[in-house]
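Have a look at the model first, then we'll go through it by topic.

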Amino acid sequence: MSYLTLFFTAHHAHIQCMRFILLTLMFVCAFAGSARAGLTVIRDTEIETTLRSWMTPIWRAAGLNPDAVKLILVSSDDFNAFVAGGSNIFVYTGMLAQTKNPGEILGVLAHETGHIAGGHLIRGRAAMERASYEALLGTILGVAVGVAGGGKAAGGIMMGGQGLGMASFLAHSRVQESSADQAGLRFMQGAGYSPQGMVTLLESMKAQEYRPQGQQTAYLQTHPMTADRLTAMEAGAAKSPFKDKPYPAEWNDAYARIKAKLLGFTSPERVAWVYSDKDTSTPALYAKTIAAYRQSRKEQAVSLADQLIAREPNNPYFHEIKGQMLRDFSDITGAAASYRKAVSLKPDAALIRIDLAQVLVEMAQTQKKPALYREAEDNLDAAYQREQRSSEIQRLYATIYGREGDQPRAQYHLAEQSMLQGRHREATKLLTGALAGMTPGSPDYRKAQDLKVYLDSLPKKDKDEDDERENKRR
Ligand SMILES: [Zn+2]
(Lines give C-alpha, C1' and ligand atoms only; values in the text may rest on other atoms or scores of the structure.)
Protein backbone atom coordinates (compact mmCIF):
# COMPACT_ATOMS: atom_id res chain seq x y z
CA MET A 1 0.00 0.00 0.00
CA SER A 2 2.25 2.78 -1.17
CA TYR A 3 -0.80 4.72 -1.02
CA LEU A 4 -1.67 5.64 2.45
CA THR A 5 1.70 7.23 2.96
CA LEU A 6 0.89 10.07 0.69
CA PHE A 7 -2.38 10.54 2.41
CA PHE A 8 -0.38 12.09 5.20
CA THR A 9 2.31 13.85 3.26
CA ALA A 10 1.15 15.01 -0.11
CA HIS A 11 -1.93 16.98 0.65
CA HIS A 12 -0.80 19.60 3.04
CA ALA A 13 -3.60 21.86 1.99
CA HIS A 14 -6.15 19.34 3.12
CA ILE A 15 -4.40 17.82 6.01
CA GLN A 16 -6.38 19.56 8.66
CA CYS A 17 -9.55 18.42 7.09
CA MET A 18 -8.34 14.87 6.78
CA ARG A 19 -7.19 14.77 10.36
CA PHE A 20 -10.61 15.89 11.24
CA ILE A 21 -12.08 13.00 9.33
CA LEU A 22 -9.71 10.60 11.01
CA LEU A 23 -10.12 11.83 14.51
CA THR A 24 -13.78 12.47 14.74
CA LEU A 25 -15.17 9.74 12.52
CA MET A 26 -17.48 12.32 11.09
CA PHE A 27 -18.28 12.93 7.50
CA VAL A 28 -18.49 16.68 7.57
CA CYS A 29 -15.50 17.17 5.33
CA ALA A 30 -16.64 14.74 2.72
CA PHE A 31 -20.13 16.06 2.64
CA ALA A 32 -19.86 19.76 3.13
CA GLY A 33 -20.99 20.49 -0.38
CA SER A 34 -19.76 24.04 -0.41
CA ALA A 35 -16.41 23.36 1.18
CA ARG A 36 -13.48 21.92 -0.64
CA ALA A 37 -12.12 18.93 1.10
CA GLY A 38 -9.66 16.17 0.50
CA LEU A 39 -10.29 12.50 0.13
CA THR A 40 -7.89 9.88 -1.07
CA VAL A 41 -8.49 6.88 -3.26
CA ILE A 42 -6.34 4.09 -1.91
CA ARG A 43 -5.15 1.37 -4.15
CA ASP A 44 -3.93 -1.74 -2.41
CA THR A 45 -3.38 -5.02 -4.20
CA GLU A 46 -3.77 -7.24 -1.14
CA ILE A 47 -7.06 -5.76 0.06
CA GLU A 48 -8.51 -5.58 -3.44
CA THR A 49 -7.44 -9.13 -4.25
CA THR A 50 -8.95 -10.49 -1.04
CA LEU A 51 -12.28 -8.70 -1.45
CA ARG A 52 -12.50 -9.60 -5.12
CA SER A 53 -11.90 -13.28 -4.39
CA TRP A 54 -14.76 -13.26 -1.89
CA MET A 55 -17.03 -11.33 -4.24
CA THR A 56 -16.38 -13.13 -7.52
CA PRO A 57 -18.98 -15.90 -6.88
CA ILE A 58 -21.52 -13.20 -5.97
CA TRP A 59 -20.85 -11.21 -9.14
CA ARG A 60 -21.16 -14.40 -11.18
CA ALA A 61 -24.44 -15.23 -9.44
CA ALA A 62 -25.60 -11.73 -10.40
CA GLY A 63 -24.80 -12.43 -14.04
CA LEU A 64 -22.05 -9.80 -14.06
CA ASN A 65 -18.61 -10.13 -15.56
CA PRO A 66 -16.37 -9.92 -12.46
CA ASP A 67 -13.66 -8.11 -14.44
CA ALA A 68 -16.10 -5.34 -15.27
CA VAL A 69 -16.92 -4.61 -11.64
CA LYS A 70 -14.38 -2.37 -9.94
CA LEU A 71 -13.87 -2.05 -6.20
CA ILE A 72 -12.31 1.24 -5.23
CA LEU A 73 -11.17 1.94 -1.69
CA VAL A 74 -11.57 5.43 -0.32
CA SER A 75 -9.68 6.51 2.77
CA SER A 76 -12.22 7.68 5.30
CA ASP A 77 -13.19 6.53 8.75
CA ASP A 78 -16.81 6.88 7.82
CA PHE A 79 -18.86 3.76 7.19
CA ASN A 80 -19.89 4.03 3.58
CA ALA A 81 -20.14 2.25 0.26
CA PHE A 82 -21.88 3.24 -2.95
CA VAL A 83 -22.04 2.55 -6.64
CA ALA A 84 -21.27 5.32 -9.10
CA GLY A 85 -20.18 6.00 -12.65
CA GLY A 86 -21.12 2.53 -13.90
CA SER A 87 -20.11 -0.71 -12.22
CA ASN A 88 -17.77 0.94 -9.75
CA ILE A 89 -18.27 0.13 -6.08
CA PHE A 90 -16.62 2.72 -3.86
CA VAL A 91 -15.82 1.27 -0.44
CA TYR A 92 -14.72 3.44 2.46
CA THR A 93 -11.95 2.04 4.63
CA GLY A 94 -14.12 2.90 7.65
CA MET A 95 -16.62 0.33 6.42
CA LEU A 96 -13.94 -2.36 6.33
CA ALA A 97 -12.71 -1.34 9.77
CA GLN A 98 -16.15 -1.21 11.39
CA THR A 99 -17.58 -4.49 10.12
CA LYS A 100 -17.35 -7.32 12.60
CA ASN A 101 -16.59 -10.17 10.18
CA PRO A 102 -16.12 -10.95 6.48
CA GLY A 103 -19.82 -11.78 6.20
CA GLU A 104 -20.76 -8.16 6.91
CA ILE A 105 -18.43 -6.89 4.21
CA LEU A 106 -20.06 -9.37 1.84
CA GLY A 107 -23.43 -8.12 2.99
CA VAL A 108 -22.59 -4.53 2.06
CA LEU A 109 -21.02 -5.49 -1.24
CA ALA A 110 -23.78 -7.94 -2.19
CA HIS A 111 -26.30 -5.15 -1.60
CA GLU A 112 -24.27 -2.76 -3.80
CA THR A 113 -24.09 -5.51 -6.42
CA GLY A 114 -27.89 -5.56 -6.22
CA HIS A 115 -27.89 -1.88 -7.22
CA ILE A 116 -25.64 -2.62 -10.19
CA ALA A 117 -27.65 -5.62 -11.34
CA GLY A 118 -30.89 -3.68 -10.86
CA GLY A 119 -29.61 -0.86 -13.04
CA HIS A 120 -29.93 1.69 -10.20
CA LEU A 121 -26.86 3.33 -11.59
CA ILE A 122 -25.59 6.73 -10.77
CA ARG A 123 -24.02 7.76 -14.02
CA GLY A 124 -21.23 10.24 -14.25
CA ARG A 125 -20.97 12.72 -17.09
CA ALA A 126 -19.82 11.37 -20.46
CA ALA A 127 -16.38 12.73 -19.74
CA MET A 128 -16.12 10.53 -16.66
CA GLU A 129 -16.26 7.27 -18.58
CA ARG A 130 -12.54 7.39 -19.08
CA ALA A 131 -11.60 9.41 -16.02
CA SER A 132 -9.32 8.19 -13.28
CA TYR A 133 -11.13 6.87 -10.20
CA GLU A 134 -10.04 9.89 -8.19
CA ALA A 135 -11.40 12.30 -10.81
CA LEU A 136 -14.62 10.31 -10.98
CA LEU A 137 -15.03 10.38 -7.21
CA GLY A 138 -14.11 14.06 -7.09
CA THR A 139 -16.83 14.88 -9.59
CA ILE A 140 -19.38 12.79 -7.74
CA LEU A 141 -18.64 14.25 -4.35
CA GLY A 142 -17.71 17.72 -5.53
CA VAL A 143 -14.57 17.66 -3.45
CA ALA A 144 -10.88 17.35 -4.10
CA VAL A 145 -9.72 13.77 -4.36
CA GLY A 146 -6.17 12.62 -4.56
CA VAL A 147 -4.91 9.19 -5.28
CA ALA A 148 -2.34 7.83 -2.97
CA GLY A 149 -0.42 6.07 -5.63
CA GLY A 150 3.08 5.09 -6.48
CA GLY A 151 4.78 8.38 -6.02
CA LYS A 152 4.93 12.04 -6.16
CA ALA A 153 2.12 12.67 -8.59
CA ALA A 154 -0.61 12.30 -6.07
CA GLY A 155 -1.78 15.87 -6.10
CA GLY A 156 -5.36 16.34 -5.10
CA ILE A 157 -7.67 17.28 -7.88
CA MET A 158 -9.44 20.48 -7.12
CA MET A 159 -12.96 20.40 -8.31
CA GLY A 160 -15.14 23.40 -8.77
CA GLY A 161 -17.54 24.35 -6.06
CA GLN A 162 -20.43 22.60 -7.78
CA GLY A 163 -20.59 19.97 -5.06
CA LEU A 164 -23.37 17.64 -5.96
CA GLY A 165 -24.37 17.14 -2.37
CA MET A 166 -23.56 13.51 -2.17
CA ALA A 167 -26.24 12.41 0.24
CA SER A 168 -29.02 13.48 -2.08
CA PHE A 169 -27.24 12.70 -5.31
CA LEU A 170 -26.28 9.17 -4.40
CA ALA A 171 -29.32 8.28 -2.39
CA HIS A 172 -31.45 5.47 -3.68
CA SER A 173 -35.19 5.28 -3.31
CA ARG A 174 -36.68 3.04 -0.67
CA VAL A 175 -37.97 0.76 -3.40
CA GLN A 176 -34.49 0.45 -4.83
CA GLU A 177 -33.11 -0.30 -1.37
CA SER A 178 -35.53 -3.16 -0.85
CA SER A 179 -34.88 -4.53 -4.29
CA ALA A 180 -31.09 -4.34 -3.78
CA ASP A 181 -31.53 -6.22 -0.50
CA GLN A 182 -33.54 -8.97 -2.14
CA ALA A 183 -31.13 -9.20 -5.07
CA GLY A 184 -28.19 -9.33 -2.64
CA LEU A 185 -29.86 -12.19 -0.80
CA ARG A 186 -30.38 -14.09 -4.05
CA PHE A 187 -26.76 -13.57 -5.09
CA MET A 188 -25.47 -14.70 -1.68
CA GLN A 189 -27.54 -17.86 -2.07
CA GLY A 190 -26.40 -18.32 -5.67
CA ALA A 191 -22.82 -18.08 -4.46
CA GLY A 192 -23.47 -20.63 -1.70
CA TYR A 193 -22.84 -18.10 1.07
CA SER A 194 -24.74 -17.61 4.30
CA PRO A 195 -26.80 -14.38 4.26
CA GLN A 196 -26.07 -13.81 7.95
CA GLY A 197 -23.79 -10.84 7.30
CA MET A 198 -26.59 -8.97 5.55
CA VAL A 199 -28.87 -9.46 8.54
CA THR A 200 -26.41 -8.31 11.20
CA LEU A 201 -25.43 -5.36 9.06
CA LEU A 202 -29.02 -4.17 8.81
CA GLU A 203 -29.46 -4.72 12.54
CA SER A 204 -26.59 -2.39 13.30
CA MET A 205 -27.95 0.18 10.85
CA LYS A 206 -31.33 -0.07 12.48
CA ALA A 207 -29.72 0.71 15.81
CA GLN A 208 -28.27 3.89 14.33
CA GLU A 209 -31.55 5.14 13.02
CA TYR A 210 -32.45 6.81 16.27
CA ARG A 211 -29.33 8.89 16.42
CA PRO A 212 -29.49 12.52 15.33
CA GLN A 213 -28.87 12.84 11.61
CA GLY A 214 -25.45 14.40 12.13
CA GLN A 215 -24.27 11.27 13.91
CA GLN A 216 -25.56 8.77 11.42
CA THR A 217 -23.14 7.25 9.01
CA ALA A 218 -23.16 8.42 5.42
CA TYR A 219 -24.26 4.96 4.45
CA LEU A 220 -27.53 5.35 6.25
CA GLN A 221 -28.19 8.62 4.45
CA THR A 222 -27.60 7.19 1.00
CA HIS A 223 -29.27 3.85 1.68
CA PRO A 224 -32.51 4.73 3.46
CA MET A 225 -33.38 2.31 6.22
CA THR A 226 -36.86 1.17 6.95
CA ALA A 227 -38.20 -1.22 9.54
CA ASP A 228 -39.60 -3.49 6.86
CA ARG A 229 -36.17 -3.80 5.24
CA LEU A 230 -34.89 -5.62 8.29
CA THR A 231 -38.03 -7.73 8.61
CA ALA A 232 -37.85 -8.70 4.95
CA MET A 233 -34.15 -9.48 5.24
CA GLU A 234 -34.66 -11.68 8.28
CA ALA A 235 -37.49 -13.53 6.57
CA GLY A 236 -35.47 -14.00 3.36
CA ALA A 237 -32.36 -15.11 5.23
CA ALA A 238 -34.33 -17.66 7.27
CA LYS A 239 -35.26 -19.40 4.02
CA SER A 240 -31.69 -19.68 2.80
CA PRO A 241 -30.36 -23.24 2.65
CA PHE A 242 -26.98 -21.79 3.70
CA LYS A 243 -28.21 -19.80 6.67
CA ASP A 244 -26.11 -21.71 9.18
CA LYS A 245 -23.15 -22.36 6.92
CA PRO A 246 -19.98 -20.76 8.27
CA TYR A 247 -17.85 -18.60 6.02
CA PRO A 248 -14.59 -20.31 5.01
CA ALA A 249 -12.19 -20.41 7.96
CA GLU A 250 -9.29 -19.03 5.92
CA TRP A 251 -11.24 -15.82 5.38
CA ASN A 252 -10.73 -14.91 9.01
CA ASP A 253 -6.99 -14.70 8.57
CA ALA A 254 -7.27 -12.57 5.41
CA TYR A 255 -9.79 -10.36 7.20
CA ALA A 256 -7.48 -9.97 10.22
CA ARG A 257 -4.67 -8.93 7.87
CA ILE A 258 -6.82 -6.32 6.15
CA LYS A 259 -7.76 -4.84 9.52
CA ALA A 260 -4.16 -4.94 10.73
CA LYS A 261 -2.97 -3.21 7.59
CA LEU A 262 -5.57 -0.48 7.71
CA LEU A 263 -4.89 0.18 11.38
CA GLY A 264 -1.13 0.27 10.83
CA PHE A 265 -1.50 2.82 8.07
CA THR A 266 -4.27 5.00 9.39
CA SER A 267 -3.63 4.90 13.16
CA PRO A 268 -0.08 3.65 13.80
CA GLU A 269 -0.17 5.10 17.29
CA ARG A 270 -3.05 2.79 18.20
CA VAL A 271 -1.34 -0.41 17.08
CA ALA A 272 0.37 -0.95 20.44
CA TRP A 273 -3.00 -0.76 22.23
CA VAL A 274 -4.82 -3.09 19.87
CA TYR A 275 -2.07 -5.71 19.58
CA SER A 276 -0.27 -6.56 22.82
CA ASP A 277 3.45 -7.24 23.05
CA LYS A 278 2.66 -10.90 23.59
CA ASP A 279 0.60 -11.17 20.39
CA THR A 280 2.90 -12.94 17.97
CA SER A 281 0.25 -13.65 15.34
CA THR A 282 1.07 -12.66 11.78
CA PRO A 283 -1.64 -9.96 11.62
CA ALA A 284 -0.19 -8.42 14.81
CA LEU A 285 3.31 -8.51 13.37
CA TYR A 286 1.99 -6.97 10.17
CA ALA A 287 0.36 -4.08 12.03
CA LYS A 288 3.50 -3.50 14.11
CA THR A 289 5.66 -3.52 10.98
CA ILE A 290 3.51 -0.92 9.26
CA ALA A 291 3.28 1.21 12.40
CA ALA A 292 7.08 1.21 12.75
CA TYR A 293 7.38 2.22 9.12
CA ARG A 294 4.75 4.94 9.40
CA GLN A 295 6.46 6.31 12.48
CA SER A 296 9.85 6.26 10.73
CA ARG A 297 11.44 3.81 13.15
CA LYS A 298 13.55 2.68 10.23
CA GLU A 299 15.69 -0.13 11.59
CA GLN A 300 12.85 -1.67 13.50
CA ALA A 301 10.53 -1.44 10.49
CA VAL A 302 12.96 -3.23 8.20
CA SER A 303 13.71 -5.87 10.81
CA LEU A 304 10.00 -6.53 11.37
CA ALA A 305 9.43 -6.74 7.61
CA ASP A 306 12.20 -9.31 7.44
CA GLN A 307 10.46 -11.32 10.15
CA LEU A 308 7.27 -11.31 8.10
CA ILE A 309 9.17 -12.44 5.03
CA ALA A 310 10.90 -15.20 7.04
CA ARG A 311 7.46 -16.50 8.02
CA GLU A 312 6.07 -16.36 4.49
CA PRO A 313 8.85 -16.00 1.92
CA ASN A 314 6.40 -16.25 -0.97
CA ASN A 315 3.93 -13.64 0.22
CA PRO A 316 4.15 -10.84 -2.38
CA TYR A 317 2.64 -8.27 -0.03
CA PHE A 318 5.38 -8.63 2.56
CA HIS A 319 7.98 -7.93 -0.12
CA GLU A 320 5.82 -5.06 -1.34
CA ILE A 321 5.66 -3.41 2.09
CA LYS A 322 9.40 -3.80 2.47
CA GLY A 323 9.91 -2.21 -0.96
CA GLN A 324 7.68 0.65 0.02
CA MET A 325 9.49 1.38 3.25
CA LEU A 326 12.92 1.12 1.61
CA ARG A 327 11.80 3.56 -1.07
CA ASP A 328 10.59 6.01 1.55
CA PHE A 329 13.80 5.49 3.54
CA SER A 330 15.71 6.45 0.34
CA ASP A 331 17.16 3.01 -0.37
CA ILE A 332 15.87 2.80 -3.93
CA THR A 333 18.15 -0.06 -4.96
CA GLY A 334 16.80 -2.15 -2.08
CA ALA A 335 13.28 -1.01 -2.91
CA ALA A 336 13.64 -2.17 -6.52
CA ALA A 337 14.85 -5.59 -5.36
CA SER A 338 11.85 -6.01 -3.05
CA TYR A 339 9.36 -4.82 -5.65
CA ARG A 340 10.90 -7.11 -8.28
CA LYS A 341 10.49 -10.03 -5.91
CA ALA A 342 6.87 -9.05 -5.22
CA VAL A 343 6.14 -8.82 -8.96
CA SER A 344 7.79 -12.19 -9.61
CA LEU A 345 5.47 -13.71 -6.98
CA LYS A 346 2.38 -11.94 -8.30
CA PRO A 347 2.89 -10.99 -11.96
CA ASP A 348 -0.68 -9.71 -12.35
CA ALA A 349 -0.22 -7.09 -9.62
CA ALA A 350 -0.48 -3.98 -11.77
CA LEU A 351 -0.19 -1.60 -8.83
CA ILE A 352 3.05 -3.16 -7.60
CA ARG A 353 4.42 -2.95 -11.14
CA ILE A 354 3.64 0.77 -11.16
CA ASP A 355 5.57 1.20 -7.89
CA LEU A 356 8.46 -0.80 -9.32
CA ALA A 357 8.45 1.32 -12.48
CA GLN A 358 8.54 4.48 -10.40
CA VAL A 359 11.59 3.28 -8.48
CA LEU A 360 13.29 2.16 -11.71
CA VAL A 361 12.70 5.55 -13.33
CA GLU A 362 14.34 7.18 -10.34
CA MET A 363 17.28 4.75 -10.39
CA ALA A 364 17.77 5.20 -14.12
CA GLN A 365 18.40 8.87 -13.55
CA THR A 366 20.23 9.01 -10.23
CA GLN A 367 22.43 5.98 -10.94
CA LYS A 368 22.84 6.81 -14.63
CA LYS A 369 21.48 3.46 -15.82
CA PRO A 370 19.31 4.33 -18.82
CA ALA A 371 18.72 0.63 -19.56
CA LEU A 372 16.37 0.61 -16.56
CA TYR A 373 13.92 2.74 -18.53
CA ARG A 374 13.15 -0.34 -20.66
CA GLU A 375 12.43 -2.44 -17.57
CA ALA A 376 10.23 0.36 -16.25
CA GLU A 377 8.45 0.58 -19.60
CA ASP A 378 7.82 -3.20 -19.67
CA ASN A 379 6.27 -3.00 -16.21
CA LEU A 380 4.11 -0.05 -17.23
CA ASP A 381 2.96 -1.89 -20.36
CA ALA A 382 1.92 -4.88 -18.22
CA ALA A 383 0.24 -2.65 -15.63
CA TYR A 384 -1.68 -0.72 -18.27
CA GLN A 385 -3.42 -3.91 -19.41
CA ARG A 386 -5.23 -3.92 -16.06
CA GLU A 387 -5.20 -0.28 -14.98
CA GLN A 388 -6.30 1.88 -17.86
CA ARG A 389 -7.55 4.60 -15.56
CA SER A 390 -4.24 5.14 -13.80
CA SER A 391 -2.87 8.61 -14.43
CA GLU A 392 0.35 7.59 -12.67
CA ILE A 393 1.16 5.17 -15.50
CA GLN A 394 0.82 8.00 -18.01
CA ARG A 395 2.94 10.33 -15.89
CA LEU A 396 5.74 7.75 -15.73
CA TYR A 397 5.63 7.08 -19.48
CA ALA A 398 5.85 10.83 -20.08
CA THR A 399 8.82 11.07 -17.70
CA ILE A 400 10.68 8.28 -19.48
CA TYR A 401 10.11 9.61 -23.00
CA GLY A 402 10.73 13.20 -21.94
CA ARG A 403 14.11 12.27 -20.48
CA GLU A 404 14.95 10.30 -23.62
CA GLY A 405 14.21 13.38 -25.71
CA ASP A 406 11.09 12.01 -27.42
CA GLN A 407 8.92 15.06 -26.82
CA PRO A 408 5.93 14.12 -29.02
CA ARG A 409 5.52 10.81 -27.19
CA ALA A 410 5.95 12.51 -23.83
CA GLN A 411 3.29 15.05 -24.80
CA TYR A 412 0.93 12.30 -25.89
CA HIS A 413 1.18 10.62 -22.47
CA LEU A 414 0.77 13.94 -20.67
CA ALA A 415 -2.39 14.38 -22.74
CA GLU A 416 -3.61 10.96 -21.57
CA GLN A 417 -2.81 11.96 -17.99
CA SER A 418 -4.72 15.25 -18.31
CA MET A 419 -7.68 13.45 -19.85
CA LEU A 420 -7.77 10.97 -16.94
CA GLN A 421 -7.68 13.87 -14.49
CA GLY A 422 -10.64 15.51 -16.18
CA ARG A 423 -8.69 18.39 -17.74
CA HIS A 424 -9.92 18.05 -21.28
CA ARG A 425 -8.88 21.36 -22.77
CA GLU A 426 -5.34 20.88 -21.54
CA ALA A 427 -5.35 17.34 -22.98
CA THR A 428 -6.44 18.68 -26.36
CA LYS A 429 -3.68 21.27 -26.35
CA LEU A 430 -1.01 18.70 -25.49
CA LEU A 431 -2.33 16.34 -28.12
CA THR A 432 -2.11 18.95 -30.84
CA GLY A 433 1.58 19.36 -30.00
CA ALA A 434 2.14 15.61 -29.93
CA LEU A 435 0.47 14.99 -33.29
CA ALA A 436 2.46 17.77 -34.94
CA GLY A 437 5.70 15.99 -34.01
CA MET A 438 4.68 12.44 -34.93
CA THR A 439 4.93 10.58 -38.21
CA PRO A 440 1.43 10.28 -39.69
CA GLY A 441 0.34 6.65 -39.80
CA SER A 442 2.77 5.43 -37.14
CA PRO A 443 1.31 3.39 -34.24
CA ASP A 444 1.90 6.31 -31.84
CA TYR A 445 0.19 8.69 -34.23
CA ARG A 446 -2.83 6.43 -34.41
CA LYS A 447 -3.10 6.19 -30.62
CA ALA A 448 -2.92 9.96 -30.38
CA GLN A 449 -5.53 10.27 -33.12
CA ASP A 450 -7.86 7.92 -31.21
CA LEU A 451 -7.57 10.07 -28.12
CA LYS A 452 -8.29 13.19 -30.19
CA VAL A 453 -11.44 11.61 -31.61
CA TYR A 454 -12.58 10.81 -28.08
CA LEU A 455 -11.84 14.29 -26.74
CA ASP A 456 -13.59 15.90 -29.71
CA SER A 457 -16.66 13.78 -29.00
CA LEU A 458 -17.13 15.11 -25.47
CA PRO A 459 -20.02 17.50 -24.91
CA LYS A 460 -19.03 21.16 -24.79
CA LYS A 461 -20.42 21.56 -21.30
CA ASP A 462 -17.92 19.06 -19.91
CA LYS A 463 -15.13 21.15 -21.34
CA ASP A 464 -16.68 24.33 -20.02
CA GLU A 465 -16.46 22.81 -16.56
CA ASP A 466 -12.72 22.50 -17.13
CA ASP A 467 -12.53 26.24 -17.62
CA GLU A 468 -14.68 26.89 -14.63
CA ARG A 469 -12.41 24.72 -12.52
CA GLU A 470 -9.32 26.46 -13.82
CA ASN A 471 -10.80 29.86 -13.08
CA LYS A 472 -11.63 28.84 -9.54
CA ARG A 473 -8.16 27.52 -9.00
CA ARG A 474 -6.60 30.85 -9.93
ZN1 LIG B 1 -28.49 0.67 -1.19
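A residue counts as buried if 20 or more other C-beta atoms lie within 10 Å of its own, as exposed if there are 12 or fewer, and as partly exposed in between. Keep in mind that this is a predicted model.

**Helix α16**
- Using that count, A301, L304, A305 and L308 come out buried in α16.
- Looking down the axis of α16, you'd find its buried residues within an arc of 100°, so they line one face of the helix.
- On the face of α16 turned away from that buried side sit the exposed residues E299, S303 and A310.
- The cover over the buried residues of α16 includes α15 (282-294) and α17 (316-328).

**The largest nonpolar core**
- This core has 119 residues, and V74, V91 and A376 touch the most other members.
- Helix α19 (residues 350-366) supplies the largest share of the core, with 10 residues.
- Setting aside neighbours within four places in sequence, A376 is in contact with A357, L360, V361, A364, L396 and I400.

**Y384 in helix α20**
- Y384 belongs to helix α20 (residues 372-386).
- Is Y384 buried, exposed or partly exposed? It's partly exposed, because it has 16 other C-beta atoms within 10 Å.
- Y384 and I354 are 30 residues apart along the chain, with 9.0 Å between their C-alpha atoms.

Terms used. Residues are numbered from 1 along each chain as its sequence is written. This is a predicted model: local features need pLDDT of at least 70, side-chain atom pairs count only at pLDDT 80 or more; totals for chains, interfaces and linings use all residues. A nonpolar core is a set of buried Ala, Val, Leu, Ile, Met, Phe, Trp, Tyr and Cys residues joined through C-beta atoms within 7 Å. Helices (H or I, at least four residues) and strands (E, at least two) are DSSP runs, numbered from the N terminus. Two residues are in contact if their C-beta atoms, placed from the backbone, lie within 7 Å. The arc is that of the directions from the helix axis to the C-beta atoms.
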